[in-house]
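Please look through the sequence and the model shown here, and follow the explanation below with both in view.

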Amino acid sequence: MTTQLNYIDDYFSGILSKEEIQLFEERIKSDPAFADDVAFYLSSMVVSREDADQEKKQRFKELYSIGDEQATAPVVKFRWLRPAMAAAAILLVVVLAWTLFLKPPSVTQMADRYIKTELKSFGSTMGQVNDMEEAKGLYNSGKYAEAMAKLTEMLKGKPGDAETIKLAGIVSLQLENYDQALGYFKWLAEQKGYFDNPGEFYQALTFMKRNLPGDKLKAKTLLQDVVEKNLSGKEEAQTWLNQW
Amino acid sequence: MKYHIKEEESFDAYCDAILAFIREFQNGRFEGRSSLKTYIYKIFLNKCVDLVRKNSTNKRSVFQTSMISDRLEQLSDNSRSILQQLIEKADYSKLRQQIILLGENCQKMLMYWADNFSDREIAVALEYKSADVVKTSRLRCLEKLKQLYKTG
């Protein structure tokens, strides 16, 4: 099987990196044979899409019948409109129900759900008053910018503290500062002595949330690693991979 | 009546409008700024206009690229205009005949693919082992179609 069509398919599936996307688009301009292949790929999609639409229209028509067998009845313009609207309403409800309730969640939706439920707040240690408790308190109150400021100050004093870096990564994720979050989680993943290291899992979560071209594949690879190496987040990772 | 199109054609335009709305909704383009009725009605009017243009000029070219506007939007402006010109020149009746020659399995798979189903969803719908198997089969169908189209 040619790798050319595979490459074109990867582009339109959104799994190429930024650099690969640029190369792909440059090649369309500089290589006429390649541009022809891309055009062929898209033209095939046009024809198949028309065929899919024709099938749906046929099913739609079968929901009611056009034409009046009682030839003596006066012809009423648009007499098909009411049953057609009813049929369209049924089709619309079915498709919307599928889209909203039955369609498997996207990776971003899976990430959103996890962040909303599992990273909603952090437990605090009763009676303890220190910088970490203060930072957690700010996080739990939804004051992410203030929490980030506190954590940054803490990291100046103790730059290698894993718990601080973990929380800083999560706050960056909440603030949608994905590059910063990835930086923190990557550092965390590289800490060999850190028991039950969640670094790779959180990196995967960030890629799923960011969902730029290439991110989905990076997230999948990390999740597979988490499962294989029995790292923190393994159960969730397996559940997500099953729905991938 | 306004656009002087037959009842059968206006029914087709109505079906196209509903299908186009479903696609827009799935792609997240319907933002709820107008009511559903107004939005669908506007699409329906545009479909009637497309039909009049298609009937009067026999020009399918704009129609073809509008069918895959979601894919073309991914490209930069220069690449897009190069591809649009090539897509407009394609021999669609020949492509359609060659797709029939691929057989029912390939046809079904390509229809699901063109309708924005993911490989995982196609695997479930057509009872394939996995998304990877679907992707391999789908690309094999496209490769076969390419050979038929270029040599046929």
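How many residue pairs are in polar contact across the interface of chain B and chain A, counting pairs with both residues at pLDDT 80 or more? In this predicted model, the rule finds 15 such residue pairs between chain B and chain A. On the side of chain B that touches chain A, helix 1 of chain B, which covers residues 7-26, makes the largest contribution, with 15 residues.

The extent of the interface can be described both by residues and by area. In terms of residues, 59 from chain B are in contact with 55 from chain A. In terms of area, and bearing in mind that the size of an interface is often given as the accessible area lost when the parts come together, chain B and chain A bury about 5,600 Å² between them, with 66% of that area on carbon and sulfur atoms. Of the area that chain B buries against chain A, 11% is supplied by B:Phe11, B:Met111 and B:Arg120, which is more than any other three residues supply.

A disulfide is a covalent bond between the sulfur atoms of two cysteines. Over all chains the structure holds 1 disulfide, and this bond is formed by B:Cys106 and B:Cys141, whose sulfur atoms lie 1.9 Å apart. Because B:Cys106 belongs to helix 7 of chain B (residues 104-114) and B:Cys141 to helix 9 of chain B (residues 131-151), the pair ties together parts that are 35 residues apart in sequence. The torsion about the S-S bond of B:Cys106 and B:Cys141 is about -80°, and therefore the disulfide is left-handed.

Are these cysteines buried or exposed? B:Cys106 has a relative accessible area of 12% and so is buried, while B:Cys141, at 6% relative accessibility, counts as buried too.

Methods
Residues numbered from 1 in each chain as written. Chains lettered and ligands numbered in written order. Predicted model: local features only at pLDDT ≥ 70, side-chain atom pairs only at ≥ 80, totals over all residues. Heavy atoms only, no water. Contact = heavy atoms within 4.5 Å. Buried area = accessible area lost by both parts, 1.4 Å probe. Polar contact = N/O pair within 3.5 Å; in protein donor to acceptor, adjacent residues only side chain to side chain. Helix = DSSP H or I, 4+ residues; strand = E, 2+ residues; numbered from the N terminus. Disulfide = S-S within 2.5 Å. Buried < 20%, exposed > 50% of the residue type's maximum accessible area, 1.4 Å probe, protein only.
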